[in-house]
Amino acid sequence: MSKKKILITWPLPEAAMARARASYDVIAHGDNPRITIDELLETAKSVDALLITLNEKCRKDVIDRMPDNIKCISTYSIGFDHIDLDACKARGIKVGNAPHGVTVATAEIAMLLLLGSARRASEGEKMIRTRSWPGWQPLQLVGQRLDGKKLGIYGFGKIGQALAQRARGFDMDIHYYDIYRAKPEVEAKYNATYHDSLDSLLKVSQFFSINAPSTPETRYFFNKATIEKLPQGAIVVNTARGDLVKDDDMIAALKSGRLAYAGLDVFAGEPKINEGYYDLPNTFLFPHLGSAAIEARNQMGFESLDNIDAFFAGKDMPFKLA
């Protein structure tokens with residue numbers, strides 16, 4: 001019996017690629033140059049399923065052009081704002097994601113951004129690399145400790161809770177807001193205080209971590225009005241999605257000192273980010289490293305393939321979105 005044929009739009013870790021090749025006839029696109037939407041649609045005519053990444057923007061116009069033979073799309077990401085799920089449903093296309101592999105790795109990056117922002121790590125490294133360090137001084141790059149500080153977590157899902165666990169190790173005081181309140185035993189586990197509104201959370205958040213998905217309700221929620229509700233000199237980190245932040249408002253607050261620091265791993269329009277960030281000294285910036293740990297990337301590949309395996313077996317995808 002011949003193998004089903006799948007398109008993998010981006011090179012994945014070898015463990016994931018080996019599993020894919022063992023089960024399927026794989027067409028794997030290289031990363032230089034990245035696959036275009038037209039190339040994806042043309043290749044899709046000759047395969048049975050697609051394993052895509054967040055780089056492939058499958059909006060409604062793309063899904064409407066998808067060949068009829070494609071009834072399965074699995075995305076190598078926890079986020080799915082790059083796929084129009086309603087358009088997929090209308091075409092009878094099953095969609096799944098890879099939600100669990102990213103949890104620990106992304107929480108670690110959020111913790112790194114919190115610590116790096118509090119202790120002005122990027123400024124210190126720049127001083128070393130530019131050979132401008134004059135030697136130790138009592139007031140040189142003085143930041144602040146994390147212990148005893150209130151950390152507000154906006155979005156208390158798997159990643160938000162994993163961050164809470166790590167922040168507790170630094171003796172931070174955990175506060176959170178989510179549209180769904182966690183169970184009492186979860187709150188007790190992290191000694192977490194629930195807030196019934198975002199405004200309530202903002203008022204106490206000396207540190208504020210964005211861990212919510214990108215939805216019409218959350219998009220650009222972090223703006224001038226939101227910033228004004230935070231304590232003076234708050235530190236903000238974002239490992240969720242760049243379009244949750246209104247960049248011009250964030251940059252203005254960092255320039256004025258209304259916000260002390262920002263640690264950012266994601267950006268609207270990445271890799272082309274708002275020019276205003278580049279020259280801001282009080283930023284700690286990463287190139288979307290949240291899931292960039294081999295353990296996470298392997299698991300993401302396995303979960304993406306689990307969806308495809310289930311689809312071809314006539315079962316529900318384990319990580320079904322549509």
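I started with Cys 72, and at 0% relative accessibility it counts as buried (buried means under 20% relative accessible area, exposed over 50%, partly exposed in between, with a 1.4 Å probe and protein chains only).

Before going on, I noted that this is a predicted model, where local features need pLDDT of at least 70, side-chain atom pairs count only at pLDDT 80 or more, and totals for chains, interfaces and linings use all residues. Residues are numbered from 1 along each chain as its sequence is written, and side-chain values use heavy atoms, with hydrogens and water left out.

**Entry 1: cysteines**

Where is the closest cysteine sulfur to that of Cys 72? I found it in Cys 88, 11 Å away, which is too far for a bond. Cys 88 is buried too, with a relative accessible area of 0%. Its own closest cysteine sulfur sits in Cys 58, at 7.2 Å, and that is again too far for a bond. I looked up the rule: a disulfide is a pair of cysteine sulfur atoms within 2.5 Å. My count by this rule came to zero disulfides.

**Entry 2: salt bridges**

Next I turned to charged side chains. Side chains of opposite charge can pair when their charged atoms come close. The cut-off for a salt bridge is a side-chain nitrogen of Lys or Arg within 4 Å of a carboxyl oxygen of Asp or Glu. How many salt bridges does this rule give? The count comes to 15.

I picked Asp 38 and Arg 65, whose closest N and O atoms are 2.8 Å apart in their salt bridge. Asp 38 lies in helix α2 (residues 37-44) and Arg 65 in the loop between α3 (60-64) and β4 (72-75), so this pair ties together parts 27 residues apart in sequence. For those labels, helices (H or I, at least four residues) and strands (E, at least two) are DSSP runs, numbered from the N terminus. Asp 38 is exposed at 51% relative accessible area, while Arg 65 is partly exposed at 47%.

Then I checked Asp 68 and Arg 91, which meet in a salt bridge at 2.9 Å, N to O. This pair links distant parts of the chain, with Asp 68 in the loop between α3 and β4 and Arg 91 in helix α4 (residues 85-91), 23 residues apart.

My next pair was Arg 258 and Glu 228, with closest N and O atoms 3.6 Å apart. Arg 258 lies in the loop between α11 (247-256) and β11 (259-264), and Glu 228 in the loop between α10 (224-227) and β10 (234-238), so the pair ties together parts 30 residues apart in sequence. Arg 258 is buried at 14% relative accessible area, and Glu 228 is partly exposed at 47%.

**Entry 3: strand β11**

I finished on β11, which is mostly covered: five of its six residues are buried. Five bridges join it to β10, and the two run parallel (strands pair if DSSP finds at least two bridges between them). In this pairing, Val 237 stands opposite Gly 263 in β11.

β11 also pairs with strand β12 (residues 283-285), again in the parallel sense, over three bridges. There I found Ala 262 opposite Thr 283 in β12.
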